[in-house]
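Hello,

Here is the structure I promised to pass on to you. Have a look at it first, and then read my notes below.

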Amino acid sequence: MLYGLINITWFDIFTVGFTVVAIVLVQILNVLWASLEDKTAVATLPQKSDNNEVRKSLKLSELKSLISNDSTTNDSNTTTITAAATNGKLQKQQSEQIENHEDEDTISLENLFPCDQSEIYASKKISYIIDEFLQTEGNYVNNLKKGLKNYGALQKYDQLPEALKGDDKQQQLLGNIKEILELHEKEILPLMLRNQRDLKSMFDEMAQSIDKNQFYCYVTFTMHKKTSLELRKDNREFFQNYQNEINDRLGIDSFLVQPIQRLTRYPLLLQQLINEFYKSGINCKPVLASLCKLETRMRRLLEVVNQSEEIFSIEEIPTELNIELLGSFRRSTEFDAYNHRSRKKFHCKVFLFDQCLLCTEVRKRRLAFKHYYTWDLIELKLNTSKSITLLSKAASSSSSGSASNSHSSIKEEYEFSSPESISINQWLRCARRIIEHSRIEESQKGKLVLPMDLILGVVFAVWYIWHYL
């Protein structure tokens with residue numbers, strides 16, 4: 001009966017079916033084409049850098065040459081980690097090698113196969129560290145909830161001072177701590193609980209969270225920490241009285257320092273796990289490889305978080321330059337700089353953002369703004385293992401012009417040097433990732449990619465109206 005009421009014909013079925021199949025194929029081809037272009041853009045980056053944007057100095061092969069002459073493979077890195085458990089100097093060398101190779105993620109064949117993790121849990125010390133890992137995460141979430149309950153609704157308090165009234169003051173006081181709580185309550189803690197009997201999956205998923213920039217909320221929190229400290233200092237008497245009134249033994253200072261304490265605790269616990277793996281002689285390389293990878297990610301994240309505290313302390317920034325709009329902060333590095341324009345040498349600190357490079361001068365304990373450059377208008381030329389030149393391109397230069405015109409529009413701006421080649425190496429690697437990402441984003445501009453559910457909904461609506469209304 002239902003078939004008779006709807007009255008579907010073979011022509012209708014063929015028309016709708018053909019349309020759906022065509023849309024699916026178009027979307028699949030679109031995704032494959034975009035993926036192919038992304039890989040092509042990354043693969044051709046070193047070749048294109050000779051002519052326009054990033055020079056041959058940014059090639060990964062040349063970056064590898066900056067590592068010590070006795071560079072090792074993934075297995076030798078593992079041997080270095082073993083020795084590092086008892087030798088501080090070797091541990092420092094291995095740590096530098098991990099930094100140099102952290103984006104290659106070389107996987108040996110034995111790491112592709114699962115291992116028996118029951119041997120891991122048989123170790124009492126490892127089980128204790130894992131339990132502490134999970135327990136402290138749960139306590140951290142509960143402490144953040146309690147702190148927000150105590151200080152997250154100050155605007156409703158009758159005796160709130162004028163200096164703390166307003167949503168903007170509340171935002172300055174607590175920063176984005178709600179975002180941090182949401183990350184750990186909805187993502188990290190459930191991730192740990194569901195993988196507490198599968199350590200490799202736990203470590204891999206946490207590393208993926210860092211790679212997806214989900215932990216960037218800690219960078220944002222630290223960037224605004226100075227404003228919060230000043231606000232609490234100016235209203236110290238009120239917070240002490242309020243703390244006694246709500247019977248909070250620790251106070252708001254202890255509450256707002258917990259995010260950094262927790263982030264610092266991660267690499268320490270992971271390093272303890274690594275040491276116990278080697279002491280106990282457990283042979284489970286896939287888990288150990290994921291553990292070392294996560295420890296490297298966490299350690300580098302903590303480094304970036306600590307560096308971000310200085311961003312809003314930069315003085316003499318032009319009014320038209322809004323740091324909030326420069327994209328994600330990636331790294332800061334100190335160099336000895338020579339400015340080709342002014343012909344002056346000074347000690348500088350260079351900040352890398354997704355949108356630009358920002359150069360500051362170090363004046364005792366202060367940072368003074370000097371220049372900033374967008375990535376599409378600069379080139380980076382590696383001079384030696386300890387020196388790099390920044391060149392700027394005229395905004396009006398055309399890629400279709402002759403080679404002589406292209407070179408004539410390039411000017412030397414800065415020469416950055418460092419007594420340690422590792423600083424140049426790490427800085428170049430970070431800059432290279434940003435340039436690759438910006439180039440891929442630029443190649444995606446102008447493409448029209450519609451969601452599949454939207455397309456199917458429109459097609460079905462047109463077909464239904466055409467036949468039955």
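**Cysteines**

C292 is buried, with a relative accessible area of 14%; buried here means under 20% relative accessible area, exposed over 50%, and partly exposed in between (1.4 Å probe, protein chains only). C356 is buried too, at 1%. A search of the whole structure turns up 0 disulfides, where a disulfide is a pair of cysteine sulfur atoms within 2.5 Å.

Some background before going on: this is a predicted model, in which local features need pLDDT of at least 70 and side-chain atom pairs count only at pLDDT 80 or more, while totals for chains, interfaces and linings use all residues. Residues are numbered from 1 along each chain as its sequence is written, and side-chain values use heavy atoms, with hydrogens and water left out.

**The chain as a whole**

The chain has 469 residues, and 41% of them are buried. Its secondary structure comes to 19 helices and 8 strands; these are DSSP runs numbered from the N terminus (helices H or I, at least four residues; strands E, at least two). Among contacts (heavy atoms within 4.5 Å) with a separation of 6 or more, 70% join residues 24 or more positions apart.

**The cores**

The largest nonpolar core has 78 residues. Such a core is a set of buried Ala, Val, Leu, Ile, Met, Phe, Trp, Tyr and Cys residues joined through side-chain atoms within 4.5 Å. M202, F203, M206, F215, Y218 and M298 touch the most other members. Helix α15 (residues 252–280) supplies the largest share of this core, 11 residues. Leaving aside residues up to four places away in sequence, F203 touches L270, L273, V287, S290, L291 and L294. There is also a second, separate core of 24 residues, including L357, L382, Y414 and A431.

**The sheet**

An open sheet of 8 strands runs in the order β1-β5-β4-β3-β2-β8-β7-β6, with mixed pairing; two strands pair if DSSP finds at least two bridges between them. At the edges stand β1 (314–315) and β6 (378–384), each with a single partner strand, so one side of each has no neighbour in the sheet. β1 runs parallel to β5 (residues 366–374) and is joined to β5 by 2 bridges, with E315 standing opposite A368. Helix α16 (residues 285–308) packs on the sheet, touching β2 (329–339) and β3 (344–353). The direction of α16 makes about 65 degrees with that of β2 (axes are lines fitted to C-alpha atoms, for helices over the stretch in contact, and angles run from 0 to 180 degrees between N-to-C directions).

Best wishes
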